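Thanks for coming. I have one model to go through this morning, and I will keep to what can be computed from it or read from its record.

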Amino acid sequence: MASIADYYAGKSVLITGATGFMGKVLVEKLLRCCPGVSALYVLVRPKAGQSMQQRVSDMMKCKLFDRVREEDPDFHKKVVPISSELTQPGLAISPQDESKLVACVNIVFHCAATIRFDEPLKHALQLNVIATQQLLSLAKQMHNLEAFVHISTAYANCNRRHIDEVIYPPPVEPKKLIDSLEWMDDGMVRDITPRLIGERPNTYTYTKALAECVVQQESDKLNIAIIRPSIVGASWQEPFPGWIDNFNGPSGVFIAAGKGILRTMRANNDAVADLIPVDVVINLTLAAGWYTAVHRPKTALVYNCTTGGINPFHWGEIGECGYHVMSTFKRNPLEQAFRRPNANITSNYLINQYWILVSHKFPALLYDLYLRLSGQKPHMMRIFNRLHKAISLLEYFSSQDWEWNSDNMSMLMGHLSPEDRKTFNFDVRQLNWPEYIENYCIGTKKYVLNEDMSDIPAARQHLRKLRNIRYTFNTLLLVFIWRVFIARSQMARNIWYFVVSLCFKFLSYFRASSTLTN
């Protein structure tokens, strides 16, 4: 049987969401490890002031493509941008481009989606469900299509505690929901959204469950695979450790903790933080595309791409009691940190609210007061309000556990040759969490914040300065409070005089002993 790279040789691939985080890694991996691939057609939405060609060109200039650029300076010629808009009928693909795709494409990777947890239901439905329907309609017209791979999420069925590699019945028939919401205004949809999503925490997981149902409905006409990654994080190995380009999910949490802004977070210390490196997801996706096209399974196969049941990492390991994030940012601090990295992870609501008041809001108010007095515009409270909103959206996932079956993932690994297991590695048993999290944190510093590693000594000096300020402030606060007690309480004065007298006697005894010894 042909290897994965040999299979993709000569093939034309259509990718949606290619300018997103996972899409970029997919494009890079195909170009670098499947050099014989014929063409990568990428659906791109023109942005204001930027053409689709310019967006793709800018994407391929980023550091992610350095390795493939060294091996093949002309790699960009294989990437063909196709103007498209997921919110428009027919995905706004021109008739000429549609004819080209119908005639040429062999494999479709559908990565595009809105991943915002608080996306309005109507918009999430358009991007995650209706756009998927329209892409499937286009795929059914393709003369040489061999596989359609849909990227879902492991949390599409988060209303269940044990999740098998099957497509569960949808919460509602997608077509009925689409028809019902079509005539409603945004206010009406917003009012009924909580009733519609039910036990699911947000519109993202709800619409991704509906999208799986839409994909399943076409499984008798197309060779389909569904990939369900959990919380996608920075790269583990490829193209280099720690690559990340966004603030989404754990990246924003890590950066906020490293900057000393995030000092408390409500989470269950013992709950699994089901992180999955982006390169693991992409390797599995490419292997699933190969298996689907070559073996043509009778039903759509679902792959739960998770780590919790195989090699777990826990939320408590992010905080000070863990040995991962905080220790990394103390060795490799971020520039101009607001405070020293020190996060408290607690599952208790009242304790969390106390720390928010003491460690978030009070310092933010003091800093904003300082900015006002110095003639600058206050902004720290606004930053903390945005942080609290983002963290609150994560609480559902950081406070509980799920069990995912991963038999199909294991089955697929068993079908790979030794060479393909190495080139397209998705065996998370090999993942070393301390090393991965350290690379992840450094990656946020280098690739998201664009900070220079040579400035680490200055950043460490800044942390020492913050430590001295903290010690000085705490000492002055303690003295102030104690003086207030002394002024108001005879008992406090007696204790104070007793302690001072005891210290004086100890010093006198120490001096006398030193004199006798000499």
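This is a predicted model: local features need pLDDT of at least 70, side-chain atom pairs count only at pLDDT 80 or more; totals for chains, interfaces and linings use all residues.

The protein has 518 residues, and 51% of them are buried. The secondary structure comes to 19 helices and 13 strands. Along the principal axes, the C-alpha trace spans about 100 × 55 × 45 Å.

Next, the annotations. The UniProt record, an unreviewed entry, places "domain: Thioester reductase (TE)" on residues 15-284. That span is 41% helix and 14% strand, and its end C-alpha atoms lie 16 Å apart. The record also lists "domain: Fatty acyl-CoA reductase C-terminal" at residues 360-451, again from an unreviewed entry. Here the chain is 70% helix and 2% strand, with 25 Å between the end C-alpha atoms.

Now the sheet. In what order do the strands of the open sheet run? The order is β3-β2-β1-β4-β5-β7-β11, seven strands with parallel pairing. At the edges stand β3, residues 79-83, and β11, residues 301-305. Each of these has a single partner strand, so one side of each is left without a neighbour in the sheet. From one strand to the next, the twist averages 20°.

Let me stay with one pair inside that order. Strand β4, residues 107-110, pairs with β5, residues 147-151, in the parallel sense, and the pairing runs over four bridges.

Is β5 enclosed or open to the outside? Five of its five residues are buried, so β5 is largely enclosed by the rest of the structure. As a general point, side chains in a regular strand alternate between the two faces of the sheet. In β5, Ala 147, Val 149 and Ile 151 point one way, while Phe 148 and His 150 point the other way. The residues on both sides are buried.

On to a helix. α11 covers residues 278-295, which is 18 residues. From the first C-alpha to the last it reaches 25 Å, close to the 26 Å expected at 1.5 Å a residue. Most of α11 is covered, with 16 of the 18 residues buried.

What follows α11? The next residue is Arg 296, with a positive phi near 50°. Arg 296 is not a glycine, and it belongs to the loop between α11 and β11. Its relative accessible area is 45%, so Arg 296 counts as partly exposed.

A second residue of this kind is Leu 91. It is not a glycine either, and its phi is positive at about 60°. Leu 91 is found in the loop between β3 and α5, where α5 is residues 95-104. Is Leu 91 buried or exposed? With a relative accessible area of 1%, Leu 91 is buried.

There is also a cis peptide bond to mention. The bond from Glu 238 to Pro 239 is cis, with omega near -5°. Pro 239 is in the loop between β8 and α10, the latter being residues 250-258. Strand β8 itself is residues 231-233 and includes Ile 231. Ile 231 has a relative accessible area of 16%; the cut-off for buried is under 20%, so Ile 231 counts as buried. Ile 231 and Gly 260 are 29 residues apart in sequence, and their C-alpha atoms are 23 Å apart in space.

Last, a pocket. Rolling a probe the size of a water molecule over the atoms shows where empty space is left. The second largest pocket holds about 1,300 Å³ of space. Which residues lie nearest its centre? They are Phe 338, Arg 339, Pro 363, Ile 469 and Arg 470, out of 34 residues that line the second largest pocket. The elements that give two or more residues to this lining are α13 (349-373), α14 (380-398) and α18 (456-488). Of the elements, α13 gives the most, with nine residues.

That is what I have on this model. I can go back to any part of it.

Key. Residues are numbered from 1 along each chain as its sequence is written. Side-chain values use heavy atoms; hydrogens and water are left out. UniProt positions are given in the numbering used here, feature names are shortened, and annotations may be inferred rather than shown by experiment. The expected span of a helix is 1.5 Å times one less than its number of residues. Buried means under 20% relative accessible area, exposed over 50%, partly exposed in between (1.4 Å probe, protein chains only). Two strands pair if DSSP finds at least two bridges between them. Axes are lines fitted to C-alpha atoms, for helices over the stretch in contact, and angles run from 0 to 180 degrees between N-to-C directions. On a 1 Å grid over the protein atoms alone, a cavity is a set of points where a 1.4 Å probe fits but cannot get out, and a pocket is an open set with protein on both sides within 12 Å along at least five of seven lines; lining residues have an atom within 4 Å of a point. Grid points are joined across faces, edges and corners, and a volume is the space filled by probe spheres set on the points.
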